[in-house]
Amino acid sequence: MNLPQEFYTSSQSNIKDAQGQDALVSLIGSIGAGLTWSGSIFMNPLIARLDNVKLVTFCGALIMSLGLTLASFATRIWHLYLTQALLYGLGSSMYYFPLMSLAPTYFDRHRGLAMGIILAGSGVGGLVMALVLQFLLDHHGIQWALRILGIWNLAVAIPVSLVVKHRPEYGLGSPGSMGSNRAHTTINQTLLKRGTFWYQSFGAFLQAAGNVVPLYYMSSYTVSVLSLSRTEGSLFVSINSGVNSLSRIAMGLLADNIGRQNTLIAGTILSAVSVFALWYDAQQARFIAFVVMYGVYAGGYNALLPTTITEIYGVENYASINGVLYFIRGLGSIFGAPVAGLILGSHSRSSASSNTGVSMGLGPIRKRYNDVVIFDGMLLLAAAVCVGYVRWLDARDKGTWRWKA
């Protein structure tokens with residue numbers, strides 16, 4: 001929901017106490033995304049004990065749509081916290097986590113490619129939704145845009161929710177067998193003593209925090225620094241999502257051939273490099289390069305993280321580790337964008353009507369965005385160090401180094 005953020009913080013916003021408040025408004029989407037992942041700590045044991053996982057995903061689809069619809073009636077920023085953040089985030093966790101938790105259990109040899117294809121769907125959604133949402137905002141206003149999205153979400157999510165089910169006798173335990181499921185959803189205490197788990201947790205937090213910053217501020221950078229229109233900002237978001245979608249498939253295929261951990265490390269390092277090299281003090285041409293290249297490099301982590309869990313910790317620990325790491329990633333996503341918003345501070349947008357494509361120069365706004373870029377790049381660079389160290393620790397624990405891992 002990055003485009004509503006740009007709208008909510010603009011002078012045209014219907015939420016008057018949100019205008020110019022990047023940190024407060026980014027917290028709305030951050031809470032929603034954070035709950036999507038952090039809800040795993042509750043969803044993981046729940047879906048392991050239920051035969052009918054469809055009930056969870058079906059209710060999640062309903063709650064997501066309700067959150068969007070109720071947000072259309074908001075007049076104050078705290079209304080958005082209750083609806084577009086908390087309600088939508090809760091429903092999204094109930095819908096999203098069962099899909100991401102159960103899908104890898106159906107694949108083995110080509111697990112990386114399979115997860116890449118599945119998660120490419122969110123990139124395709126971003127590609128379409130960025131343009132659709134801007135069109136709805138321009139022609140129907142924010143209230144009807146949210147209502148239409150709520151209906152759309154319901155129409156798409158309900159059919160998907162009705163086909164989700166367990167794969168028997170895999171990792172999570174047989175559905176309905178509470179004793180076996182409880183063992184699989186409680187983290188092995190031995191793992192807590194391993195540096196592998198802790199560094200992977202740090203890496204998951206840092207990568208999630210850094211990953212969301214460009215997604216939330218790409219559109220506002222286009223308007224505030226490059227002096228382009230919101231429509232052009234939505235186009236950049238759409239391009240990034242489309243490239244990201246293709247990248248997830250490519251990264252998954254690459255991972256199956258050169259190693260999932262290797263691909264994860266390379267993608268995280270190159271994400272940090274693209275932020276420093278292409279976003280910092282970027283004029284229009286270099287910013288477009290950043291939009292594309294960040295979409296390429298950032299696409300791998302979400303797709304590959306679940307696939308590395310069974311390799312590092314074993315099938316028997318998949319459910320418990322997956323739930324904890326998604327919970328930690330949720331905390332990271334709540335942290336990243338609001339802190340970036342605090343660094344950015346309150347400011348007014350450039351007039352889109354000028355639409356000259358001429359940047360504002362090295363003024364106060366550009367300097368603040370450069371500070372955000374440094375913050376984001378350091379998060380991603382630290383995450384790369386963590387995932388690289390996990391690779392080494394895993395080889396040490398297993399007593400052998402494999403180039404393909």
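## Aromatic pairs

Rings of Phe, Tyr and Trp, the last by its six-membered ring, are taken as a pair if their centres lie within 6.5 Å. In this predicted model, that rule gives a count of 16 aromatic pairs. One of them joins F7 and Y8: the ring centres are 6.2 Å apart and the planes stand at 65°, so the pair is edge-to-face. Both F7 and Y8 are buried.

Elsewhere, ring pairs link Y221, F236, W279, F287, F290, Y294 and Y369 into a cluster.

## Arginine over aromatic rings

R147 takes part in contacts with two rings, those of F73 and W144. R147 lies over the face of F73, at 4.5 Å from the ring centre. The charged end of R147 also sits over the ring of W144, where the distance to the centre is 4.9 Å.

The model contains eight salt bridges. Among them is the bridge between E311 and R260, whose closest N and O atoms are 3.0 Å apart. E311 is located in helix α12 (residues 300-313) and R260 in helix α10 (residues 260-279), so the pair ties together parts that are 51 residues apart in sequence.

The side chains of K398 and D394 meet in a salt bridge with an N to O distance of 3.3 Å. K398 and D394 are separated by about one helical turn, because they are four residues apart in helix α14. K398 is partly exposed, at 40% relative accessible area, while D394 is buried, at 4%.

R396 and D397 also form a salt bridge through their side chains, at 3.4 Å from N to O. R396 is partly exposed, with a relative accessible area of 48%, and D397 is partly exposed as well, with 37%. Through salt bridges that share partners, R194, R396 and D397 are joined into one network.

How values were computed: Residues numbered from 1 in each chain as written. Predicted model: local features only at pLDDT ≥ 70, side-chain atom pairs only at ≥ 80, totals over all residues. Heavy atoms only, no water. Phe/Tyr/Trp six-rings, centres within 6.5 Å; stacked < 30°, edge-to-face > 60°. Buried < 20%, exposed > 50% of the residue type's maximum accessible area, 1.4 Å probe, protein only. Lys NZ or Arg CZ within 6 Å of the ring centre and 35° of its normal. Salt bridge = Lys/Arg side-chain N within 4 Å of Asp/Glu carboxyl O. Helix = DSSP H or I, 4+ residues; strand = E, 2+ residues; numbered from the N terminus.
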